Amino acid sequence: PLFIPLAQSDMKDYKHLDIRNTVGNVPMEWYQDYPHIGYNLDGKKIFKPIRNKDELDEFLDKMENPDYWRTVHDKTTASDIRLTDEQVDLVHRLQKGQFGDVNFNEYEPSVDFFTNEVMIHPVTNRPQDKRSFIPSLIEKEKVSKLVHAIKMGWIKPRKPKETTPQYYDLWAKEDPNAILGRHKMHVPAPKMRLPGHEESYNPPPEYLLTEEERLVWEQQDAEDRKLPFLPQKHSCLRAVPAFSRFIHERFERCLDLYLCPRQRKMRVNVNPEDLIPKLPKPKDLQPFPTTMSLVYRGHTSLVRSISASPTGQWLVSGSDDFTVRFWEVNTGRCMKTLEVGGAVKSVAWNPNPAVCLVAVCFERTVLLLNPSLGDRLVVSSTDQLITAYEPPEEDKEQAVTWALSEGLEHNMGHRLTLTHPKAVKQVVWHGKGDYLSSVMPDNSSNLQVLIHQVSKRRTQNPFRKNKGLVQCVSFHPLRPYFFVATQRYVRVYNLIKQELTKKLMTNCKWISSMAIHPGGDNLICGSYDCRLAWFDLDLSTKPYKMLRHHKKALRGVAYHRNYPLFASGADDGSVIVCHGMVYNDLLQNPLIVPVKVLKGHQITHDLGVLDVTFHPTQPWVFSSGADTTIRLFT
Amino acid sequence: MGGLQKKKYERGSATNYITRNKARKKLQLSLADFRRLCILKGIYPHEPKHKKKVNKGSTAPRTFYLFKDIRFLLHEPIVRKFREYKVFVRKLRKAYGKAEWTGVERLRDNKPGYKLDHIIKERYPTFIDALRDIDDALSMCFLFSTFARTGKCHVQTITLCRRLTVEWMNYVVTSRSLRKVFLSIKGIYYQAEVLGQLITWLVPYQFAHDHPTDVDYRVMATFTEMYTTLFGFINFRLYQTLNLVYPPKLDSKAESELKAEHEEDYAMDSESYLEKLSALSASLARVVATAEEEENQLDLFPTEGEDQENMQAREKEQKEQEAQKRLFEGLKFFLNREVPRESLAFILRCFGAEVSWDKSLCIGGTYEVTDETITHQIVDRPDMDKQYINRYYIQPQWVFDSVNAQMRLPVEDYFLGTTLPPHLSPFVEEKDGDYVPPEKLKLMALQRGEKPVQEEEDEEEEDEEEEEEDDEEEDDVDDEELTEEKNLKKMEGTRAQGKTLAVKVTPGKVKPWETGSVGNKVRLEQEEKAEEKRLAIMMMKKKEKYLYDKIMFGKKRTTREVNKLTAKRKAHEDASKSQKKQKKAKKQ
């Protein structure tokens with residue numbers, strides 16, 4: 001129960017003090033059934049009021065009594081107590097959480113008892129402990145232990161440490177077979193390079209750098225220098241200064257030792273002679289042309305094309321000076337000169353020995369000439385062959401107009417004129433001599449290659465589609481195949497079945513020329529990127545061999561009809577003759593050996609040899625060049 | 001079908017290599033410690049064959065170590081010592097910070113150290129292995145021993161290096177195994193043959209170093225730490241092979257001789273002994289006192305054919321070596337104060353000479369300048385005031401050149417004030433086609449026993465002779481030029497000829513060489529052969545052609561260099577000759 005201290009001056013409540021209940025702090029329910037509720041100080045019973053206040057009394061009291069709010073019921077005495085003003089005030093203060101005592105100052109100034117300032121007198125006046133006057137037993141025990149250890153010799157005084165290293169025979173029990181603890185791949189460090197004469201303090205004079213060399217040396221980066229130091233000459237040992245980079249060099253060696261990856265480099269110790277392949281001697285592969293024996297002069301501009309007659313007696317050449325010349329092979333005499341109306345791109349002698357016809361192409365025209373050279377019978381029979389033509393009943397529209405030459409032109413030798421829709425670059429005869437093919441390179445149409453039949457004066461366009469810019473074409477010597485070379489591929493068509501049989505990949509950038517072996521199984525392709533590709537048609541569509549003999553673009557290639565020879569002419573002015581033996585036994589690879597480099601043509605306007613062709617029977621080769629000459633090598 | 005999918009970079013070369021950073025993490029070491037460990041254990045990076053595969057597809061430049069190497073480092077006891085040291089440093093720093101001076105002292109006393117003995121044994125399982133790898137150790141120790149005692153590294157290291165190098169020099173002197181010496185602009189190269197191994201080292205000239213700032217001395221110090229350990233063990237073993245006391249002691253006789261009166265003035269007692277040793281003027285004490293080393297003769301076995309030839313060659317070589325060892329025996333040298341004392345004393349003692357020097361120069365001089373028995377005095381100054389008649393005054397280069405020539409060279413060229421002949425490197429061995437300086441040819445002739453060309457005669461005669469010589473030399477050089485080069489030149493010649501011929505040819509003319517004298521036929525044959533070769537070269541495969549071209553390029557380059565040197569020499573000689581003539585003209 002709330003104990004309220006009473007002010008002594010409160011005389012009115014003094015009486016109340018006397019009737020204080022002495023039962024103590026017990027539940028008042030215990031006195032429920034008794035008339036009294038406890039005992040006062042004198043031991044007399046304190047009686048309950050006769051009549052308990054009921055609810056109505058309570059209500060009336062609340063309504064009427066103005067001091068009701070400050071009246072508190074005291075359970076122990078069962079009486080109502082009216083609180084004094086002081087008491088009410090105290091209750092209010094406590095409810096607000098303030099101190100009960102009005103006079104208590106909660107904000108008194110604090111006084112630091114312990115300060116940071118050092119005082120001269122102790123704060124406490126406590127007398128010292130006894131233990132501070134008595135020696136410690138624990139310490140005594142420890143010390144006695146140490147003393148005992150020292151007595152027994154267990155502890156020795158600290159010796160100064162040995163700083164100099166001790167050496168002994170480390171390899172006393174060395175195992176000669178011992179391998180290095182690790183390292184399957186241990187590479188011992190290479191030794192330093194030993195100095196040469198140039199490092200001497202007094203080197204021979206030739207090792208000293210000249211002024212220019214010294215300047216070059218100074219301008220070079222340290223890595224690029226051949227010598228890491230400048231050779232110097234001192235007249236005597238006394239004059240030699242300290243080498244300023246000594247510590248650097250040693251440090252770099254250290255870095256090399258622990259930072260450089262080591263690698264065993266196999267040095268190729270090859271005798272260069274062993275690398276050269278053993279080829280059969282050219283002497284054993286004779287005959288082949290070896291020397292230049294004739295020069296055919298007469299043209300005034302570069303000679304684009306040459307062709308030999310099937311008998312081997314005559315040679316025809318076409319040049320940029322608008323002329324076609326006929327030469328006697330053996331003497332070098334110019335038998336005939338024909339002016340045509342343009343730069344001659346290509347000439348081709350009919351391979352049939354019974355016919356004397358030469359195809360010449362310039363601009364948009366292909367001209368068939370009868371040079372009237374050689375056997376008169378052959379000449380006249382050729383003329384007859386041409387005049388014997390009978391026009392067919394129904395005229396077919398043709399891509400080319402055939403015109404028979406008459407009069408003056410006929411006397412000059414012109415026989416037939418084929419006017420093409422576009423400029424013609426190449427003409428080629430079929431082996432039988434009746435068919436003729438002309439090439440009109442054009443990237444945008446299918447009319448690039450035409451095949452003409454002379455006896456029937458008929459023209460065909462074999463291709464419906466454009467497969468790229470046609471470089472050159474050729475007939476198979478024996479079978480009805482037709483070879484068309486575009487920039488990078490050679491396509492082989494079957495003319496009878498009218499289908500593509502093969503497409504050869506040349507691995508070249510731009511094919512310039514092509515020739516077919518008289519056996520028909522091999523083909524060579526020259527290209528502007530200095531290569532010559534040899535194909536074996538039975539083997540693969542890839543080249544059997546690539547030859548990079550020339551230094552510059554190849555312009556012409558040719559096979560010999562009888563001998564196992566082929567030749568190539570290039571812009572470097574040389575003709576290279578190779579021995580290209582093809583065996584009947586299919587298991588044996590062709591033998592290709594270069595046998596001769598023929599030089600003679602001069603290079604004019606970066607052009608050297610423009611065309612090569614072999615003599616039909618002899619192992620001779622003709623070459624025409626940009627220096628307006630034709631040369632015969634025998 | 002079936003089976004787990006193979007993951008990339010989990011097998012093969014990618015797992016055989018480890019990058020440096022990963023290795024460092026695996027070993028839990030700092031980069032500096034890792035570096036130290038690699039140096040001590042001799043681990044170096046490897047260049048993988050397929051870098052991209054190993055680098056897991058990336059092309060970033062990385063250093064790779066073999067994984068097995070790093071695993072091998074993992075159980076190296078020194079790694080633990082490194083960690084202990086790290087802890088020690090930390091504790092020490094803390095103690096310093098707290099100003100616990102007793103703690104600092106205690107820590108200092110218990111500083112963890114390590115020994116490298118087991119590493120040396122592991123890296124060099126046999127003594128010969130170690131000896132083979134001692135070149136760098138020698139050069140490094142010689143460099144460190146010349147460092148000043150302050151600054152760049154611990155004084156103990158420097159004194160240890162000095163001690164070891166002195167021991168080494170004493171060994172070389174005692175075993176007389178020095179073979180070649182070379183005065184270069186960097187320093188002095190020495191080559192010794194120890195137990196059949198050729199060992200070369202470089203000693204800097206005695207100057208104070210100006211220490212470069214871009215050199216990491218920690219790396220050098222680590223190397224030196226390893227090298228000193230290795231070097232000490234090798235020295236011990238070498239002294240053992242010669243029955244010498246290790247650490248070296250002076251002969252009792254020599255010691256008493258060297259006892260100077262005012263030794264204490266010269267150096268502290270602890271240092272003077274090392275100084276006396278380094279003076280190299282006295283012989284060392286032996287474990288078992290032997291009178292004189294008996295000559296070890298080659299035992300003769302009856303042999304046949306090739307073996308016999310080999311044997312004879314070996315015998316001859318042996319004899320030559322013996323002769324070289326006694327090159328300066330019986331000569332008495334005196335070193336002037338301006339010549340490098342240590343290197344000259346070392347060399348002269350190696351070849352059996354007696355050496356002395358001025359007392360104020362160094363401890364250990366045994367006789368004075370005034371000694372009448374001195375045969376040679378080595379001088380490096382233009383002139384001397386007081387000269388004795390019965391001795392040669394020569395420049396130091398004579399000693400070096402004589403050692404390299406394995407004979408006492410005529411002293412005339414090396415007299416006081418004369419222009420010295422060029423000093424050639426003894427390490428150059430000319431192969432066929434290399435440039436041989438004329439001085440070397442002269443020397444070789446001298447070694448063969450031919451008389452040197454008489455000089456000091458009439459100058460004109462000399463000139464003529466020189467010219468003759470020149471011619472001869474040129475011929476020699478020509479002879480030695482590569483036959484290959486010749487062929488090439490010839491080929492070029494023929495080609496040129498072919499060209500001219502081809503241009504000249506007119507039909508009907510008889511070719512001049514078809515008429516055929518003998519010479520023409522020979523030439524024709526050669527031409528044919530050359531052409532054959534050219535054609536065969538055309539047919540070479542691409543790869544072989546590349547290799548062939550490379551080889552030929554190299555050959556051509558060497559000949560070009562040789563030609564350049566010869567031309568330079570010729571120009572120089574012409575210039576000097578004309579100068580001489582001018583002088584003569586002036587005189588007249």
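In the predicted model, helix H11 of chain B passes helix H12 of chain B in a left-handed crossing. H11(B) spans residues 155-175 and H12(B) residues 217-241, and their axes come within 10 Å and cross at roughly 30 degrees. Because angles under 35 degrees count as roughly parallel, H11(B) is classed as roughly parallel to H12(B). On the H11(B) side, the contact is formed by B:Thr157, B:Leu160, B:Cys161, B:Leu164, B:Thr165, B:Glu167, B:Trp168, B:Asn170 and B:Tyr171. The H12(B) side contributes B:Thr224, B:Thr228, B:Phe231, B:Gly232, B:Asn235, B:Leu238, B:Tyr239 and B:Thr241. Sorted by class, this contact contains eight nonpolar, eight polar and one charged residues. In an α-helix there are 3.6 residues a turn, so residues three or four places apart point the same way.

H11(B) also packs against helix H17 of chain B (residues 341-350), with the two axes coming within 8 Å and crossing at roughly 30 degrees. H11(B) and H17(B) are therefore likewise roughly parallel to each other. In this pairing, B:Arg162, B:Met169, B:Val172 and B:Val173 of H11(B) meet B:Glu342, B:Phe346, B:Arg349 and B:Cys350 of H17(B). The class composition here is five nonpolar, no polar and three charged residues.

Elsewhere in chain B, helix H3 covers residues 31-41, and its buried residues are B:Asp33, B:Phe34, B:Leu37, B:Cys38, B:Ile39, B:Leu40 and B:Lys41. Charged side chains, namely B:Asp33 and B:Lys41, are thus listed among the buried positions. Just after H3(B), B:Gly42 adopts a positive phi of about 70 degrees.

Two of the buried H3(B) residues, B:Leu37 and B:Lys41, are in contact with B:Glu76. B:Glu76 lies in the loop between helix H5 (67-74) and helix H6 (77-98) of chain B. With a relative accessibility of 5%, B:Glu76 counts as buried, because the cut-off for that class is under 20% relative accessible area. Leaving aside neighbours within four places in sequence, the contacts of B:Glu76 also include B:His118, B:Ile119 and B:Glu122.

For chain A, the secondary structure comprises nine helices and 33 strands. Of the 634 residues in chain A, 42% are buried. Among contacts in chain A between residues at least 6 apart in sequence, 47% link residues at least 24 apart. The accessible surface of chain A amounts to about 38,600 Å², and carbon and sulfur atoms account for 53% of that area.

Technical notes:
Residues are numbered from 1 along each chain as its sequence is written. Chains are lettered from A and ligands numbered from 1 in the order in which they are written. This is a predicted model: local features need pLDDT of at least 70, side-chain atom pairs count only at pLDDT 80 or more; totals for chains, interfaces and linings use all residues. Side-chain values use heavy atoms; hydrogens and water are left out. Axes are lines fitted to C-alpha atoms, for helices over the stretch in contact, and angles run from 0 to 180 degrees between N-to-C directions. Helices (H or I, at least four residues) and strands (E, at least two) are DSSP runs, numbered from the N terminus. Angles under 35 degrees count as roughly parallel, over 145 as roughly antiparallel, 65 to 115 as roughly perpendicular and the rest as oblique. A crossing is left-handed if the near helix is turned anticlockwise from the far one by less than a right angle, and right-handed if clockwise. Contact means heavy atoms within 4.5 Å. Buried means under 20% relative accessible area, exposed over 50%, partly exposed in between (1.4 Å probe, protein chains only). Accessible areas come from the Shrake-Rupley method with a 1.4 Å probe; for residues, only the protein chains shown count as cover.
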